[in-house]
Amino acid sequence: QVQLVESGGGLVQAGGSLRLSCAASGRTSSRYDMGWYRQAPGKEREFVAVIRWNSDTYYADSVKGRFTISRDNAKNTVYLQMNSLKPEDTAIYYCTRDRGYWGQGTQVTVSS
């Protein structure tokens, strides 16, 4: 059993920055992919970023160059640094471990 808890969401103006955190507990392991997805009202959940067990990273085209995903295995935590935020980044952001476990989500709102 794994529990994921996101934090760090909030309200920010366009061009600003936020850092999201996802803390894992339970039967944790470092040999899993950790990722972030987001879901805006009326839209399907979409991929944002992933950091694989070997630390390779991949990003959706919409956030490439603006977002950075990282992980601290000693703290069982994955981060998403979001810079140059745009109104279209507004969504609930979900942390996932290998797309098998999901957090409760944290709201990110970017005003124009």
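Visitor: Where is serine 84 found?
Guide: This is a predicted model: local features need pLDDT of at least 70, side-chain atom pairs count only at pLDDT 80 or more, and totals for chains, interfaces and linings use all residues. Residues are numbered from 1 along each chain as its sequence is written, and side-chain values use heavy atoms, leaving out hydrogens and water. Strands are DSSP runs (E, at least two residues), numbered from the N terminus. Serine 84 is in the loop between S8 and S9.

Visitor: What is the relative accessible area of serine 84?
Guide: Buried means under 20% relative accessible area, exposed means over 50%, and partly exposed lies in between (1.4 Å probe, protein chains only). Serine 84 is partly exposed, because its relative accessible area is 40%.

Visitor: What is phi of serine 84 near?
Guide: Serine 84 is a residue other than glycine, yet its phi is positive. The value is near 50°.

Visitor: Which loop holds asparagine 76?
Guide: Asparagine 76 has a positive phi, near 50°, and is not a glycine. It counts as partly exposed, at 34% relative accessibility. Asparagine 76 lies in the loop between S7 and S8.

Visitor: What is the order of the open sheet of 4 strands?
Guide: Two strands pair if DSSP finds at least two bridges between them. The pairing in this sheet is antiparallel. Its edge strands, each pairing on one side only, are S1 (2–7) and S7 (67–72). The order is S1-S3-S8-S7.

Visitor: Which residue in S3 is the bridge partner of glutamine 3?
Guide: S1 and S3 run antiparallel and are joined by 6 bridges. In S3, glutamine 3 is partnered by serine 25.

Visitor: Which cysteines form the disulfide?
Guide: A disulfide here is a pair of cysteine sulfur atoms within 2.5 Å. The structure holds 1. Its sulfur atoms are 2.1 Å apart, and they belong to cysteine 22 and cysteine 95.

Visitor: How many residues apart in sequence are the parts that cysteine 22 and cysteine 95 tie together?
Guide: With -80° about the S-S bond, this link is left-handed. Cysteine 22 is buried, at 1% relative accessibility, and cysteine 95 is buried too, at 0%. Cysteine 22 lies in S3 (residues 18–26) and cysteine 95 in S9 (residues 91–97), so the parts tied together are apart in sequence by 73 residues.

Visitor: Which residues form one aromatic cluster?
Guide: Rings of Phe, Tyr and Trp (its six-membered ring) pair if their centres lie within 6.5 Å; planes under 30 degrees apart count as stacked, over 60 as edge-to-face and the rest as tilted. By this rule the count is 2 aromatic pairs. The cluster is formed by Tyr37, Phe47 and Trp102.

Visitor: Why is the pair of tyrosine 37 and phenylalanine 47 edge-to-face?
Guide: The ring centres of tyrosine 37 and phenylalanine 47 are 5.7 Å apart. The pair is edge-to-face because the planes stand at 75°.

Visitor: Which strand holds tryptophan 102, the other ring partner of tyrosine 37?
Guide: Tyrosine 37 is buried, at 14% relative accessible area, whereas tryptophan 102 is partly exposed, at 28%. Their ring centres are 5.3 Å apart and their planes at 70°, so this pair is edge-to-face. Tyrosine 37 lies in S4, and the pair ties together parts 65 residues apart in sequence, since tryptophan 102 lies in S10 (residues 101–102).

Visitor: How far is the charged end of arginine 97 from the ring centre of tyrosine 32?
Guide: A charge sits over a ring if NZ of Lys or CZ of Arg is within 6 Å of the ring centre and within 35 degrees of the ring normal. Arginine 45 lies over the face of tyrosine 37, at 5.9 Å from the ring centre. For arginine 97 over tyrosine 32, the distance is 3.7 Å.
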